[in-house]
Amino acid sequence: MGLLLLGVLGYSLVLSVHGMYSASDDVVELTPSNFNKEVIQSDSLWLIEFYAPWCGHCQSLTPDWKKAATALKGIVKIGAVDADQHKSLGSQYGVRGFPTIKVFGANKNKPEEYQGGRSSQAIVDGAINALRSLVKDRMSGKSGGSSYNKQSGGGSGSKKDVVELTDDNFDKMVLEGDDVWLVEFFAPWCGHCKNLEPEWAAAATAVKEQTKGRVRLGAVDATVHQGVSSRYGIRGFPTIKIFRKGEEPEDYQGGRSRGDIIERALDLFSDNAPPPELVEILSEDVLKKTCEDSQLCIIGVLPHILDTGASGRNGYLDVMVKMADKYKKKMWGWLWTEAGAQMDLEASLGIGGFGYPAMAAINTRKMKFALLRGSFSEAGIHEFLRELSVGRGSTATLGGGNMPKIHTVEAWDGKDGQLPVEEDYDLSDVDLDDDFDKDEL
């Protein structure tokens, strides 16, 4: 009986982890094999949840997601991607935590972040608002449906971000530049090349955006530009090679879907990118510049210089620099400030006045933050950031729902702190009280 009960419990656990959605639900399960056909080439509005089966928040969302899908059946498509299993789809759309919900509307290549609540009613309301916006755009003459399958001959996508490489420009652009390149050598008559073309085009746009142009995708017509093609021994089509400055080119060994290409490109970017700069918060502009383009801003509040000296402070900064390098693929912003220098910021994070060093991760778009509860060490910070990156960890709303006032301060000079020097007063020429009466003693 005990073994039977254990088996039932084990089976239930498997179902709870791997069976969040089934064929009987109105939620469409999406994978790399059906995503393009179901979503990208569809004229429907889609709300898609990117989840991980082990994610507690995802499990909590499941019944509401199913209920919303049933309510919206025939009106708005509701989908779900197991991004833990299908990492290529998650990376393609910049998924960094779970659950992430994206709205695929008029331009399927640039979905929008869903910003609404997570109850079934809030999801339905958000979907209807997105649908209303889509219809309004179509009424005003803006493009509806998928822009992807309406360009370049019905499905090849826009090729504007694929760089056309030739015998004349190859060396200057690829070999002499600092960027990493993925280069496709193709023949116009090649059927496999034609199949790859839309995937290559879509990947080029996504990679350009996500790496800020540091990884680029190019294409060489090997039937025309035979000089560069023969130099690299191109014998079949398509052939894809990876070029990094100062290194021998290597063959691309990954899959041919846009997700696979993007995933490999992001790995290359991570391998070659310098760690993000760790910046002291000296003004409001510094905070805005660092945080506005990042999903998260990691802020360290370090003890006063008089409490640690320069060596102690540099020790804390070294830890932050190492963690910034470890998580550089996330492209987060990294900042630090001295305790007491930005009291409004500390108050809004609930740090104020004690517990230094402290650390917070802020999402400035959602005005949410999470605090480091463990030690300010490589191990403690790694655990904190790892939990955040997979959708775990406790978050709260930033005090007041707005970014606090940031004060303009002087940069740390890199030296030990010094107590204020009291001025010495020369009293030698000061007459003491002439009326002093000795009898008063």
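The model is predicted, so local features need pLDDT of at least 70 and side-chain atom pairs count only at pLDDT 80 or more, while totals for chains, interfaces and linings use all residues. Residues are numbered from 1 along each chain as its sequence is written, and side-chain values use heavy atoms, with hydrogens and water left out.

**The chain as a whole**

The chain has 13 helices and 16 strands; helices (H or I, at least four residues) and strands (E, at least two) are DSSP runs numbered from the N terminus. Of its 441 residues, 45% count as buried. Buried means under 20% relative accessible area, exposed means over 50%, and partly exposed lies in between (1.4 Å probe, protein chains only). A contact means heavy atoms within 4.5 Å. Among contacts between residues at least 6 apart in sequence, 75% join residues at least 24 apart.

**Salt bridges**

Side chains of opposite charge can pair when their charged atoms come close. A salt bridge is a side-chain nitrogen of Lys or Arg within 4 Å of a carboxyl oxygen of Asp or Glu. By this rule the chain has 22 salt bridges. The table gives three of them.

| Aspartate 161 | Lysine 160 | 2.9 Å |

Aspartate 179 is buried at 17% relative accessible area, and arginine 216 is partly exposed at 29%.

Lysine 288 is partly exposed, with a relative accessible area of 40%, and so is glutamate 284, at 39%. Elsewhere, salt bridges that share partners join Arg244, Glu247, Glu250 and Arg264 into one network.

**Aspartate 171**

Aspartate 171 is in helix 6 (residues 170-175) and is partly exposed at 29% relative accessibility. Leaving aside neighbours within four places in sequence, aspartate 171 is in contact with Glu176 and Arg231. Aspartate 171 and valine 228 are 57 residues apart in sequence and 8.9 Å apart in space, C-alpha to C-alpha.

**Arginine 365**

Arginine 365 sits in the loop between strand 14 (358-363) and strand 15 (368-371). Arginine 365 counts as exposed, at 54% relative accessibility.
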